[in-house]
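Try each task by yourself before reading its solution.

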Amino acid sequence: MSGTWMTTRAWLLMLPLLVIMVAVIGWPLVDTVRLSFTDAQLVGTAGNYVGFDNYTKMLTSSNFSRTLVTTTWFAVISVAAEMVIGVLAALLLNQEFRGRAVLRGLMILPWALPTVVNATLWRLIYNPEYGALNAALTQLHLLDDYRSWLGEPGTALAALIVADCWKNFPLVALIALAALQAVPRDITAAALVDGAGPFNRFRFVILPYLAGPLMVALVLRTIEAFKVFDIIWVMTRGGPANSTRSLSILVYQEAFSFQRAGSGASLALIVTLLVTVLAVAYAALVRKTAGSAT
Amino acid sequence: MLKSIGKTLLGAVFVGGLLVPHAFAETTLNALFMAQAAYSEADVRSMTEAFTKANPDIKVNLEFVPYEGLHDKTVLAQGSGGGYDVVLFDVIWPAEYATNKVLVDVSSKITDDMKKGVLPGAWTTVQYDGKYYGMPWILDTKYLFYNKEILEKAGIKAPPKTWEELGQQAKIIQDKGLLKTPIAWSWSQAEAAVCDYTTLVSAYGGDFLKDGKPDFQNGGGLSALKYMVDSYKSGLTNPNSKEFLEEDVRKVFENGDAAFALNWTYMYNMANDPKDSKVAGKVGVVPAPGVAGTSEVSAVNGSMGLGITAVSKHQDEAWKYIEFMTSQATQNQYAKLSLPIWASSYDDPAVTKGQEELIAAAKLGLAAMYPRPTTPKYQQLSTALQQAIQESLLGQTAPEDALKTAAENSGL
């Protein structure tokens, strides 16, 4: 069989998928771009062409800059914490001990639960009147009085980050655990014989095996964290005083609550662009780490 | 499943016999309700069951979402072209829904008996620009609930008649060490906070809009927010109020952790139910207070209506369903969590029995209901106000500046 026939056949086999992709991703994207240059309302008027008005208004509004900062903080801290906790959990679960299988199963639970369930659960934990966190901290004498964790701008974002970490570190742990099991035993044994300490064993023997898969986890989690909506919506709806409002919530309010489809579309595209830039940068990094690992 | 197969077979028999060819042409209505407060989900289900029993050719699919999702879900379903035949809507949405053609004008369907029988204040829930966009269904306002036992222990003879007096009584309770923070409100960044604010705006005689332009940053509107901030800063108000929704307020009150709480009708019978509530039998209710020299009582119009969406293909059946749900008989039967829209119901012992105190408060409160502004841009205005309220409570911005910014961001 000739190479060109193979290529043609490959394309033919992919054709149905391509058609579906164009229909469900391509067309809405094109339509969103069109909308973003109009003053269309969600229901009712189709809208007139307004050029870059929506973009300039959005990019110069204090709402946007403030929300971008909030979202960035949320994404950077929660993803960093998830990576560290996830790897530590994976290292722990890679040890031989009794009950390991049960623990592995349990660990995945927060990730497997729907986000709304997680968020509701954490709202109860943070409840300022009857919450478990307040009860625990006051009984341990770490806190004099119950606090309103989600009601203070100073703690609300941190409280959300903790909830998000709890939900998402299992994914990182799972990916890391799979990678750890690929580390040949004789190499770690040899490092031990050569007198490498735990840190050096991790840094020079184990980490190279982990780097590739961890980059994948990092890319996935960063993109998701930048798009965060549900956990915040359920727990604070962006409050108090908009201190936890994420970019996705801003898009949602603009497009659906205020029904300004045009400017909502422009904002959605700005967010898409940001996430794409991040993804491309990461992809380049992945290629580099993957290259250096082999 | 079996039942529907049975029905189909039965239908086939009729059609075959050319008896009543349309009798079993089933229509399915999709209806959107909310999953909290006022009528409970179980109430709505059993009302609907009674309706379908009486109208076997109509099936009703019920969907429940939290209040916070009701508006957006309705609009999104409309935008995507599919969706609901009957929707529950809040008093603040008819302007927007009418402008954007989400609901159909049902003015011609409202009978004279309805016009005469329903409380005049209830109609404002479904009207915009002189037209009717549905039937009022949940007639509601915020009342001041109080814990009789705590007031008694504090030596307070009667619940407060003015907001100033509310503060004084709360101070007595606090000073006597009966409660650390006697007042609970729902001031979370949500519509709930705007409802509490509106109650105070009505007490202080303020206006939301004047000639279509924001006017809440002056006069009564400003005094209302200042009252909230003072009450919060003085420590008489539970500081957690700024993350409370109505249900949080109810739990705090039912646990005996609040002497005063502002909430909707539904709390009265729930807080008096010994199954969940520690304060059953001690629940007092009066209209929200007034301001000396300005108002006797205050109240926000928190009513909701049932309407037919413009995309519905079964508007006649939908109206039949709405008529049933809002009928006096149905409403009287379920008057425990939501009071009827029908004037004569308030003299019916079947409705008033066991909740005489609530009915007495309702007669004053419902008559004083103050509307939130009817503008197609309501959501934006409300979002701006929520931010102003929260920033002021947190001490980030002075009430004057916060409301000025809200006026600028209201889109009006």
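Predicted model: local features only at pLDDT ≥ 70, side-chain atom pairs only at ≥ 80, totals over all residues.

Residues are numbered from 1 along each chain as its sequence is written, chains are lettered from A and ligands numbered from 1 in the order in which they are written, and side-chain values use heavy atoms, with hydrogens and water left out.

**Exercise 1. The fold of chain A**

Work out how many helices and strands chain A has.

Solution. Start with the rule: helices (H or I, at least four residues) and strands (E, at least two) are DSSP runs, numbered from the N terminus. On that basis chain A comes to 13 helices and zero strands. As for extent, its C-alpha trace spans about 75 × 75 × 30 Å along the principal axes.

**Exercise 2. A helix that falls short**

Find how far apart the end C-alpha atoms of α10 in chain A are, and where the helix has a kink.

Solution. Step one: α10 covers residues 198-226, which is 29 residues. Step two: the expected span is 1.5 Å times one less than the number of residues, and a straight helix would reach 42 Å here. Step three: the ends are only 34 Å apart. Step four: look at A:L207, where a kink of about 60° lies shortly before the proline A:P208. That bend is the angle between axes fitted to the seven residues ending there and the seven starting there.

**Exercise 3. Where the chains meet**

Describe the contact between chain B and chain A.

Solution. Count residues first: with contact meaning heavy atoms within 4.5 Å, chain B gives 33 and chain A gives 28. Next, the buried area (accessible area with a 1.4 Å probe that two parts lose on being put together, summed over both) is about 2,500 Å², with 46% from carbon and sulfur atoms. Finally, tally three salt bridges, each a side-chain nitrogen of Lys or Arg within 4 Å of a carboxyl oxygen of Asp or Glu. One of them pairs A:R123 with B:D248 at 3.6 Å, N to O.
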